[in-house]
Amino acid sequence: MGRKWNNIKNKKASKDANTSRVYAKFGLEIFVAAKKGEPDPESNRALKVVLERAKTYNVPKAIIDRAIEKAKGSSDEIYEELRYEGFGPNGSMIIVDSLTNNVNRTAPEVRSAFNKNGGNFGVSGSVSYMFETTAVIGLEGKTVDDVIEILLETDVDDVRDVLEEDEAVIVYAGPEQFHAVQEALKTVGITEFTVAELTMLPQNFVTLDDEALAQFEKLIDALEELEDVQQVYHNVDFGD
């Protein structure tokens, strides 16, 4: 399962790194997380997760601070978290997570993106059963054996895999272990992470031929460009 993480991240997410679009999405996600509870990451787990992710995307501190300050204010904006599911070329599977203040706008836009780019909009549950929520933590400067020893010494539970991928060590763990893994690594001086995600990983990956892969990338791009879409997960192997 996990052995494809860097494959997906490098092929899709990296091309969007450090862009205003990514920053805007993080700003909204931080605002919503801070608005749900205390605007303090130490007492708001959801906010802490978002901020850890934001660090790996180099989101400017000004954007983070502005979103948190907005949440502290009297803003009455209400956003709903919605999940959509569908299929791409050759049975590839896609999950789309969104934050929206207009439900009547979001669903038609997501459906249209699927229909116009060779996909099929699915019903709830048609795809998600093939994915598993997973904490993914990446770091450099340690070996796999080093990291396993650190995690064993700190009694971190539900570690699903520890692998070397593209010169980094990637830890795959249950979602409840997201912070525990990071805290364990921080005890030995690791404070920077190449990956810090709570993500949906597929149980199996599919490989597409060149034509289908090009169509699939067009579909993913169309979904990611939608204003209300925050995350897009899939089960396609982009290769090396």
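**A walk around helix α2**

Let's start inside: the largest nonpolar core has 21 residues, and F26, I30, F31, L47, V59 and I64 make the most contacts within it. A nonpolar core here is a set of buried Ala, Val, Leu, Ile, Met, Phe, Trp, Tyr and Cys residues joined through side-chain atoms within 4.5 Å. Helices α2, α3 and α4 each supply at least two residues of this core, and the largest share, nine residues, comes from α2. In soluble globular proteins, nonpolar side chains tend to be buried together.

Keep in mind that this is a predicted model: local features need pLDDT of at least 70 and side-chain atom pairs count only at pLDDT 80 or more, while totals for chains, interfaces and linings use all residues. Residues are numbered from 1 along each chain as its sequence is written, and side-chain values use heavy atoms, with hydrogens and water left out.

Now follow α2 itself, residues 20-36. Helices (H or I, at least four residues) and strands (E, at least two) are DSSP runs, numbered from the N terminus. Of the 17 residues of α2, 12 are buried, so the helix is largely enclosed by the rest of the structure. Buried means under 20% relative accessible area, exposed over 50%, and partly exposed in between (1.4 Å probe, protein chains only). The buried residues of α2 pack against α3 (45-56), α4 (61-72), β2 (93-100), α8 (210-224) and β8 (229-234).

Zoom in on F26, which is buried with a relative accessible area of 4%. Leaving aside residues up to four places away in sequence, F26 touches V50, R53, A54, Y57 and V59; contact means heavy atoms within 4.5 Å.

What about rings? A search of the whole structure finds four aromatic pairs. Rings of Phe, Tyr and Trp (its six-membered ring) pair if their centres lie within 6.5 Å; planes under 30 degrees apart count as stacked, over 60 as edge-to-face and the rest as tilted. F26 and Y57 make a tilted pair, 5.3 Å centre to centre with 50° between the planes. That pair links distant parts of the chain, with F26 in helix α2 and Y57 in the loop between α3 and α4, 31 residues apart. Y57 is buried too, at a relative accessible area of 12%. F31 and Y79 form an edge-to-face pair: 6.3 Å centre to centre, 85° between the planes. Here F31 sits in helix α2 and Y79 in the loop between α4 and β1, 48 residues apart.

Note on methods: The expected span of a helix is 1.5 Å times one less than its number of residues.
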